[in-house]
Amino acid sequence: MQNIKQFIQFSLVGASGTLINIALFNGLLFLSWFHQYFLIANLIAFVCAASHNFYWNQRWTFQQQADHKSVSHKYLQFFVVSSVVLILNTIIMASCVHLFHIHRRVANLIAIALCLGFNYLGNAWWTFRQQ
């Protein structure tokens with residue numbers, strides 16, 4: 001039951017991070033340079049959203065977990081997981097756009113949705129795992 005509650009909390013934090021990601025990604029696309037280099041806009045939006053997500057997952061979803069680790073240690077692990085997810089996210093997004101001719105904004109949502117489970121499992125089992 002605890003895992004289901006954590007997954008729901010992780011998903012809610014992720015949803016708010018997704019709103020940040022979408023807002024920043026779309027905001028950057030209004031700039032002509034980012035319109036052409038949308039994957040760089042995706043990278044910036046992803047890093048900002050991941051930082052937001054770490055903060056709230058640390059404080060709410062996984063509070064009191066992995067207390068044997070420093071916050072900076074957990075932040076580093078969270079970003080390792082996020083970096084792997086970013087690579088997966090970028091591959092999915094680029095494939096959607098270039099192979100399947102899906103609009104960049106829709107491809108962004110598809111990539112985020114497909115990466116959710118891996119992101120949760122990586123962080124629950126590694127970043128915030130109890131000793």
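**Entry 1**

I began with Tyr-75, which is partly exposed at 35% relative accessibility (buried is under 20% relative accessible area, exposed over 50%, partly exposed in between, with a 1.4 Å probe and protein chains only). This is a predicted model, where local features need pLDDT of at least 70, side-chain atom pairs count only at pLDDT 80 or more, and totals for chains, interfaces and linings use all residues. Residues are numbered from 1 along each chain as its sequence is written, and side-chain values use heavy atoms, with hydrogens and water left out.

Next I looked up Phe-54, and found that Phe-54 is buried, at 6% relative accessible area. Phe-54 and Tyr-75 make an edge-to-face aromatic pair, 4.9 Å centre to centre with 75 degrees between the planes (ring centres of Phe, Tyr or the six-membered ring of Trp within 6.5 Å; planes under 30 degrees apart are stacked, over 60 edge-to-face, the rest tilted). Phe-54 sits in helix 3 (residues 38–61) and Tyr-75 in helix 4 (residues 71–98), 21 residues apart (helices are DSSP runs of H or I, at least four residues, numbered from the N terminus).

**Entry 2: the wider count**

I then checked the total: the structure holds 14 aromatic pairs. One of them is Phe-7 with Tyr-120, edge-to-face at 5.1 Å centre to centre and 85 degrees between the planes. Phe-7 is in helix 1 (residues 2–29) and Tyr-120 in helix 5 (residues 104–127), so this pair ties together parts 113 residues apart in sequence. I noted Phe-7 as partly exposed at 33% and Tyr-120 as buried at 8%.

**Entry 3: the cluster**

Last, I found one aromatic cluster formed by Phe-7, Phe-10, Phe-54, Phe-62, Tyr-75, Phe-78, Phe-79, Tyr-120 and Phe-128.

Technical notes:
Helix = DSSP H or I, 4+ residues; strand = E, 2+ residues; numbered from the N terminus.
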